[in-house]
Amino acid sequence: METSVTLANLEEHVDKRSPLVLGKETFASVTNTVAHPMEMKTPKAWWICFLIALSGLGVLGASIGYLFWEGVGVWGLNNRVGWAWDITNFVFWVGIGHAGTLISAILFLFRQKWRTSINRAAEAMTIFAVICALVFPGIHVGRVWVAYWLFPIPNQMAMWPNFRSPLLWDVFAVSTYFTVSTLFWFVGLIPDLATFRDRSKGVRKFVYGLFALGWRGSHRHWLNYERAYLILAALSTPLVLSVHTIVSFDFATSQLPGWHATIFPPYFVAGAIFSGFAMVINLMIICRWVFKLEHLVTMRHFENMAKIILLTGSIVGYAYAMEFFIAWYSGNPYERYIFVSRATGPYAWAYWTMITCNVIIPQLFWVRKVRTNLWALFIISVFVNIGMWFERFVIIVTSLHRTFLPSSWAYFQPTIIDISTFIGSFGLFFTLFLLFVRFLPIVAIAEVKTVMPEADPHGHDHGHKHATGGAH
Amino acid sequence: MHSENNQEKSGKKYWRSLEELAESPDLLAKMKNEFPTGAAELEVTAGVDRRKFLGIIGASAAFAGLTSATGCIRKPSEKILPYNKRPEDLVEGKAQYYASAGRFGGSVLGLLVTSYDGRPTKIDGNPSHPMSLGATNAFAQAAVLDLYDPDRSQKVLKAGVKADGGKTTVKSLKAALAAAAAELKDNAGQGAALLMEAVPSPTLLGLVREFQSAYPKTTIAIHDPAMRWQEAAALESVGYKNAQLVNRFDDADVIVAFDADPLGLEGDSIRNSKMYAAKRRSVDETKKMSRLYVVEPAFSLTGAVADHRLSLRSSGIGECVLALAAELSDLGLAIPADVVARGKQAANPNPKWVKALAADLVANKGNSLLLVGNTQRAWVHAVAFVINSALGNVGRGVIVRSSPLPAAKTLAELTADINRGSVQALVMIDVNPVYTSSAEIGFADALKKVKTSIHLGYHSDETAMASSWHFPRSHFLESWGDLLASDGTASIVQPLIEPLFPSLSEVEFLAGLLGKTANGYELVQTQWKSTAGADFAAAWRRWLHDGVIKQTLGETLSGKSDFSALGQRLVGVGTSPSPSVSQMELLLTLDRSVYDGRYANNAWLQELPDSITKLTWDNAALMSPKTAKEKGIKTGDLVEIKVRGEKERRLKIAAFVVPGVAEHTVVVQLGYGRTFNGRVSSGTGFNGYELLGRDDSFNFGAEVQLAGGKYDLATTQEHGVSDYEYDTKVGAEAIRNRGVYRELTLATVTAEPSLEKAFGKFNLGNPKNHRTLLWTKSIETRGNQWGMTIDLNSCTGCNACTAACQAENNISVVGKNRVLKSREMHWIRIDRYFAGSVDNPDSIQAVFQPLACAHCETAPCEQVCPVAATVHGAEGTNDIAYNRCIGTRYCANNCPYKVRRFNYFNFSKENDEQNPLYAMQKNPRVTVRFRGVIEKCTYCIQRVNAARIESKLKGEEIIRDGGVVTACQQVCPTDAIMFGNINDPDSRVSQLKALPRNYAVLSELAIEPRTTFLAKVRNANPELDSSTQL
């Protein structure tokens, strides 16, 4: 798939930076490339994918409908293991939803310009993943018709929610994260929506125009826009860390051995970035191939993301080891037991799946050949996400199934509805993502242009034209 | 009628006191015949109209007292009127308590029954009755559900099909009874038989005598699992005719049970347990307690609490008793020479053990007690009686009493009579021999040869379908009767409700067959007229109110035992070979949940986990881990058991591996696999009767083989654990490390001046040793602060608390499939742990720990609930507002005791739909929980609130000690549970909490539970240092 030409930007030289956009791309060609999916006749392949995703969404709807009709008992939960796939899926999707905002906000603040080619898709992924995540806490409660009691809505009972409960913190953390991420994404979209508006006709023109908020590209617009974008980036940055920290509090502030650990916040954040980047790699490899974005989304992007996966995967691996060490060092018999049981007990298969996928396999990224091989990248990223799903499963279920009193040990087995709900959530995710790639710019056109040599008034500084043979 | 508080009976007068109101005799006469029918509309078909039912019951309650001359009368449905004048003492929605009596597991228990608006809802023990002393067992607790069993017999059957077009009314029932009586009259002259249970009811037995005089060629036969045939034979052999043994634990310092379960399924287990527990608790004051030795083939409740337990197959028990006799003779006891001679040759299973036991017995002459179980043969009972006599126990702990029952034949003898053609008419009163007998006897075939067979039964069961007539029996809460306790105390069985369906009580049935028209009330009154003396009315009122009749009936036999014929009896007995892997010993036992199968259609009992195996909804072939390993059998494997007898018997049954079963023994509980089509009993377990032999409940030479295939067994512990050994091993280790269950030996207690020191070995410490906390604890200290202690030294794991809690708190039954998924709803469960080595069966010990919500001061559940549905009450209770709960289950996850239960489905609605009468049993003071909410023990908050109202009315600020009795505390036969105000240092619960034995489970979590435990003290014999401490 790759040629030596595209590998060119992998090398950094002392005197010059590697180009971020490859090939003979011009401003016009970038716009054309990105707008192409929106303008072309809907391809058959898109319809097929969309129908599959829609069927998945239907499975989700049917599973949830059945769940609402019958009760939470349609899942495999029991009186010892009160949470299993529901909360596992929630944390899994929230985790995936981390990469987008990290790429767009933190990397933006750190002036990591390579982010521009992937941030749009990553942010979209974030929002869709958070939507998938939000489904689960909503449907996992026993009485869904009063789930709104989780929100501090004034009521005739004069009842507030319990502010001491981490679940309530979750409600605030995740909803804030969702709101800010959506805003951030939308603000970033405005100039590109205007581009789309200008290129389309009829109803589309109206709809794009509506959301483009009258963007004309004036200097004042740009000035305000960039200021707003910066502020939102600054707002989002702490949220990237806070949301998963608070999700981890669901476990860390409880008193169950295996949950009650101070290491959880950093460990969860690292894990979330780990899984989020893996998902971005998976999605971008497909998009890049389908929409021929090889010049915009280059191997350098993948390599950078692979490095982040390698880093966060190692942090996660360290956390696993540290949990064992602390369990031993604390002298707490419950803690010790639960960790020994994780590795050797009835759920050992899940634990070792997790270790293999999260700790061992990503170590292959030490090898550059692996980091720059799209097949390897794709497969390893899939493994990372399998591993991260199992991480949450291991944390939640193995801790619950063998708690303090040996009389109350039980085993959890998922039902078909557990499985169908999880599969259905992928249906929801891909339905949204397919709509996104069809109707919205998957690459931030305006932002990419800023990292092209043409945008650089001091072209010599980055020496793009030397490396790429000139893009003017 | 009793006042709201059943301990305070003296203030109010008596049962149905409206009789007094109705001064006019004319009115009484009118009431008597006002509504002769009225039950017809209550037939349960597609679904009973509950509203209508309630209406009828509500209306009838008012007149219940007025019409006691006819028992009870219900108003017809078309005339539901409000009270014109409210009867005195009747407040709608306020509980009324009536004294009655019932027979459960062979023991007669005096009862206090709670009734709301005419609906009996709860059964408890009558504190004045010597056999219940205020407590009951699980069977009695569940009996109220039997009343509302929608599958109970509602129709007269003729040759197995519905008579009178399936529309049985009170009138047609009487007509059918007359027809059956006429048929009986035609055939009984050539030979009749009466088959019944060993019911010690003077009225019934009087009618039996009348029956005998009406039909002189009558054979009386008794078929009852509690009937002690072998013991009676043994007593006869030493000179006591028609006698029975009554065992008293009151003064017993050394108790030896040979395959006997006096604290569980045999004898007066409630009284025994009370007395036994009192002897155990004395350790706190005197540092002395009784010692219990048990020799048995599989864990009974008695065996589980034993200080020393020897695991021995049933066929070896007799040898062990003989060996003990020889040993005692060596220690100078006067044992007849031929017994000693035989004892010297006996196969002694463990000489050291028997020697130590003998020494202990001799040291406690007169204050010891030797018991032999019902499954053992007569000669074993005889030898044990010899030992008891030699020890001077007879007349003290072992009392010989004349039996109130007539001389009777066994079912096998009756069957032989039928086959001989000497029985043309057979009357069966509340027995189900077609199901509950050995195929070798061949009763089912013999029944076909009888010209007229008339059956009275609660269900249209296996026998009902095979008889020429079947009549539905009334529940004991619907009928008049009387019962004698084993010590001769009599009680009147009085009804609380008119029969829900046209039915007959035992006495009405038999009287009707004799052509009498008197109803149950008249029959019982007639029986007791002579006893009362001058003022019958006053005496009768007293009896009904108290629930006991003071004058004891029957006599204690004294006199010289004659052991001369004993030597002959011992020739050639007890020489069975040891079982092996290929030739195993099979033992069939009664079941702790369904007894002999009679409770198989009771959902509470079906779901009650067996004390040892924790199995629900099924029985299984129990095997020790060692034997199972040798045979390559695992829990859940289907095995086939084959026994060669007169004819080969086979049964395919699921295996269950459990420690404590004697090696090469397989144990099968009876009572499951019913063919009767009950909606609860269907599909539960395997019919052990198919393996039952003619004479013994144990058999040598059973072949057990894997039959291929798996079977799901639903247990409430070790849920779904495939590797049992791993789990028990790790589990045992974990309990030891965690100090969850704490146990000491008596030697430690006496040696240590302070038990705290003895407890020091648990590094996790005592609840008193608080850790440094980073915050000030907000602990409520005003007014009543509720707390509980559970004495592990008393608890026998009998499950009565679990059943009582279910009855009191409207707890749903979930069914086998949900138990398999660990979704059972019991609020109080009994954790069972094993200790000892699986390879050495004698070292295996079992312990019980009842566990319900501990109401932690700093409850982990309260902190995590996002909607504040579970919060701390001002009196220290952990309360749930079901209406606020949205069901996140976070509280259940964070509960360290795992006592919170979630309604995964709408269980209560399902229960009511499947069993349309169950709703009648519901306690109106307790909210019925909906789908999607958490529930758990509330410390019986409804009882706390009732007591609060009462004390407020009296002007007391604090509820006095004992004012609140929780359901589990009330029922406990060992008084192991104590509840009260921990704010009051003088309350009994505070005093118990001050004992050094007091500890909190998981105290190191700083959750400060309000329920604490008193550590078990094992009175190990220093000679036998086998105690494995937990």
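Reader: Which residue in E12(B) does Ala257(B) stand opposite?

Author: In this predicted model, Ala257(B) stands opposite Leu371(B) in E12(B). The strand E12 of chain B, residues 368-372, runs parallel to E9(B) and is joined to E9(B) by five bridges. E9(B) also pairs with strand E10 of chain B, residues 291-296, in the parallel sense and over five bridges. There, Ala257(B) has Val294(B) of E10(B) opposite.

Reader: How are the two faces of a strand to be read, and are the residues of E9(B) on each side buried or exposed?

Author: In a regular strand, side chains alternate between the two faces of the sheet. In E9(B), Val254(B), Val256(B) and Phe258(B) lie on one side, Ile255(B) and Ala257(B) lie on the other, and all are buried. Because five of the five residues of this strand, 254-258 in chain B, are buried, E9(B) is largely enclosed by the rest of the structure.

Reader: Is Thr218(B) buried, exposed or partly exposed, and why?

Author: A residue is buried if 20 or more other C-beta atoms lie within 10 Å of its own. Thr218(B) has 19 such neighbours inside 10 Å and therefore counts as partly exposed. Thr218(B) belongs to strand E7 of chain B, residues 218-222. Leaving aside neighbours within four places in sequence, the contacts of Thr218(B) are Ala192(B), Ala193(B), Leu194(B), Phe211(B) and Gln212(B).

Reader: How is helix packing described, and at what angle do H4(B) and H27(B) pack?

Author: Helix H4 (residues 138-147) and helix H27 (residues 800-808), both of chain B, pack at about 25 degrees, and their axes are 8 Å apart. Angles under 35 degrees count as roughly parallel, so H4(B) is roughly parallel to H27(B). The crossing of H4(B) past H27(B) is left-handed. From H4(B), Ala138(B), Gln141(B), Ala142(B) and Val144(B) meet Ala800(B), Ala803(B), Ala804(B) and Ala807(B) of H27(B). This contact consists of seven nonpolar residues, one polar and no charged.

Reader: How is an interface between chains described, and how many residues does each chain give here?

Author: The size of an interface is often given as the accessible area lost when the parts come together. Counted by residues, the contact takes 43 from chain B and 40 from chain A. On the side of chain B that touches chain A, the elements giving two or more residues are helices H24 (724-738), H29 (860-864) and H30 (890-894) and strand E33 (901-902) of chain B. H24(B) provides the largest share of that side, five residues. By class, the side of chain B that touches chain A has 21 nonpolar, 14 polar and eight charged residues.

Terms used
Residues are numbered from 1 along each chain as its sequence is written. Chains are lettered from A and ligands numbered from 1 in the order in which they are written. This is a predicted model: local features need pLDDT of at least 70, side-chain atom pairs count only at pLDDT 80 or more; totals for chains, interfaces and linings use all residues. A residue is buried if 20 or more other C-beta atoms lie within 10 Å of its own, exposed if 12 or fewer, and partly exposed in between; C-beta atoms are placed from the backbone. Helices (H or I, at least four residues) and strands (E, at least two) are DSSP runs, numbered from the N terminus. Two strands pair if DSSP finds at least two bridges between them. Axes are lines fitted to C-alpha atoms, for helices over the stretch in contact, and angles run from 0 to 180 degrees between N-to-C directions. Angles under 35 degrees count as roughly parallel, over 145 as roughly antiparallel, 65 to 115 as roughly perpendicular and the rest as oblique. A crossing is left-handed if the near helix is turned anticlockwise from the far one by less than a right angle, and right-handed if clockwise. Two residues are in contact if their C-beta atoms, placed from the backbone, lie within 7 Å. Ala, Val, Leu, Ile, Met, Phe, Trp, Tyr, Cys and Pro count as nonpolar, Asp, Glu, Lys and Arg as charged, and the others, Gly among them, as polar.
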